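Please follow the account below with the model open beside the text.

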Amino acid sequence: MNAIIGIDLGTSTTEAAIYRNGEKKLILNPDGVVITPSAVGIDESGNWVIGDRARSQYLLRPENTAIEVKRKTGTSERVSLGNARYSPVELQAKLLSYVRSYASEYLGENVERAVISVPAYFNEIQRRETVLAGEQAGFTVERILNEPTAAALSYGLEHMEEESHVLVYDLGGGTFDVTLLEMFEGVLEVKASGGDNRLGGKDFDERLMDDLIRRFQDRYGRNLRKDRRAMAQLKEEAEKCKMSLSEAEAYHILVPAICVINGKPVELDETITREQFEKMTGDLMERTHEPIDRVLSDAGISDEELDLVILVGGSTRMPMVARDLQDYLGKAASVAVHPEYAVAEGAAIQAAMISGEIDPSDGLIMTDVNPYTLGVRTDDDGRGDHMSVVIPRNVTIPTTRTERYHTSGDYQTEILIEVYQGESMIATHNHLLGQFHIRDVPPKRAGEEKLDISFSYDLNGMLKVSAKLLSTGAEKGIEIDMTREHMAEPDLSKWKEAEGAKAWRTAIRTAERILTKEDEVSDDLKEDIRTALDELKTALITGDAISEEEAGEWLRELLEEARNKR
Ligand SMILES: Nc1ncnc2c1ncn2[C@@H]1O[C@H](COP(=O)(O)OP(=O)(O)OP(=O)(O)O)[C@@H](O)[C@H]1O
Ligand SMILES: [Mg+2]
């Protein structure tokens, strides 16, 4: 048999599963457990260590261990292990090859095919790098599947007959994903998907770490940030504390020797209550609201029409998550799936649909959405740099859409078609996927020659773009494999630019903090801050770089003013 396994390659943890004989089956690692820490390191003898052993060595030898590599996927960042530097792809490949080896062992056959899940909000570069990591690990990557879609599949397989609108809320270690699905007579349709690539359990840990560092600095005048080993211990303790606070009201942190001051080991001895923890992370919870709103509005669904909220991801074990959703959506969240296993199980179900293990005629049909807007560059802005949308974001795929265009120059004899992906109205701020020419266009006045451009996007991530000149019937097109093409030279520059926008996040957080404080700044100033904040957020969502710059600067000035008034 030629098994295809499903892999949830998470920021913090990795799981694998297979669907066989009508059942979901989780694959155990050599330690006999399902959950493998997503950690990779090099031990003292220079051998690779992966998973639990890497996670354990992180405490003692953080400089030789990499954790949370997934967050670096799609960036040009390198991770240092000892003296060597590795790309995120290389390290993810190590992790995946570990999965491949223990899955082969567990199943008693050589496993070579996999479906790997990624956050719905991963862009093309991040998806391609995930495929590349899988290939370097010796897998044929059959499909890249969106994590929330996978979670929904895991739920949907057993609840096929129900008719409902389901919101999948996945707060994992590094990413937040939210997806709205409609289930109807065995058809599972993804209506909209959104999220935040940079929000997860890790950020909650970091808030605790910040607090502990501050406390330590106040007490001993020593900044622990400069001490890599102390930081690794703090991280470990912070995560332990966070997890305990999901059950207990308070947690006592005691590290006998966090560092050495004047030749003496100094202990870290602090108590943190759940209330304090929730206060210091309240703004992180709030950051989940905007993606939820956007997904509901993209799907055209109101809060009342929601039938079910499914919680996925280890971070949803924090009690404030369910409470926040109850407050925000007026819905109790369901515990219908296993928060840590559902994504791998769903990937396994998808794998079984590919291998034929699940017969498509059995009833389960799945559709997905394209997470980013697709379009072509036109002259509609008068500057030749307009993003003309052909397939909008969050449209159900498979889909085919056709738009009619015309020539923009007098007597032009060729037309260049450039295909872009992204949310900016300015085409070149988006990611160029491919381009081609239609030649031998009869020379006419601008606007007289017309052409139809069609985009077809299928579930395998193939985008077919074709253009047909109406007057002569001449037709040309390209196929873009959204998961594999352009592997050699990903255009990282635009992505990096978008990263620049993240700098505004700090300003946004500061602004939100100021707005919640009662009397430190005047109402007028608060109102201005609120307006600037809204404008900046809108610009960040729409990808409008010019208003982003303006609103960002304005907000910064207002924050400066607020600071001076204090
Ligand atoms: N009981 C708990 N209380 C609070 N947080 C928890 C608990 N258990 C696990 N977590 C957190 O859940 C996160 C890991 O969740 P999960 O394994 O779902 O993430 P992941 O799939 O690795 O990440 P992602 O989906 O973001 O790539 C970690 O940040 C971990 O600290
Ligand atoms: Mg996950």
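Strand 10 (residues 113-118) and strand 11 run parallel and are joined by 6 bridges, where helices (H or I, at least four residues) and strands (E, at least two) are DSSP runs numbered from the N terminus, and two strands pair if DSSP finds at least two bridges between them. This is a predicted model, in which local features need pLDDT of at least 70 and side-chain atom pairs count only at pLDDT 80 or more, while totals for chains, interfaces and linings use all residues. Residues are numbered from 1 along each chain as its sequence is written, chains are lettered from A and ligands numbered from 1 in the order in which they are written, and side-chain values use heavy atoms, with hydrogens and water left out.

Strand 11 (residues 140-146) has 5 of its 7 residues buried, so it is largely enclosed by the rest of the structure; buried here means under 20% relative accessible area, with exposed over 50% and partly exposed in between (1.4 Å probe, protein chains only).

An antiparallel arrangement is found in an open sheet of 4 strands, whose order is 22-25-26-27. Strand 22 (399-406) and strand 27 (475-481) form its edges, each pairing on one side only. Strand 25 (residues 450-457) and strand 26 (residues 462-469) are paired in the antiparallel sense over 7 bridges, and Ile453 has Ala467 in strand 26 as its bridge partner.

On a 1 Å grid over the protein atoms alone, a cavity is a set of points where a 1.4 Å probe fits but cannot get out, and a pocket is an open set with protein on both sides within 12 Å along at least five of seven lines; lining residues have an atom within 4 Å of a point. The second largest pocket has a volume of about 910 Å³, a volume being the space filled by probe spheres set on the points, which are joined across faces, edges and corners. Its lining comprises 43 residues, with Ser12, Thr13, Glu239, Met243 and Glu340 nearest the centre of the pocket. Helix 6 gives the most to this lining of the second largest pocket, with 6 residues. Domain 1 (4-199 + 288-368) and domain 2 (201-282) both contribute to the lining of the second largest pocket, so this pocket lies between them; the domain bounds come from an automatic or database domain assignment.

The structure also holds 4 cavities of 30 Å³ or more, and the largest cavity contains about 50 Å³ of space. Among the residues lining the largest cavity are Thr11, Lys70, Phe122 and Arg198.
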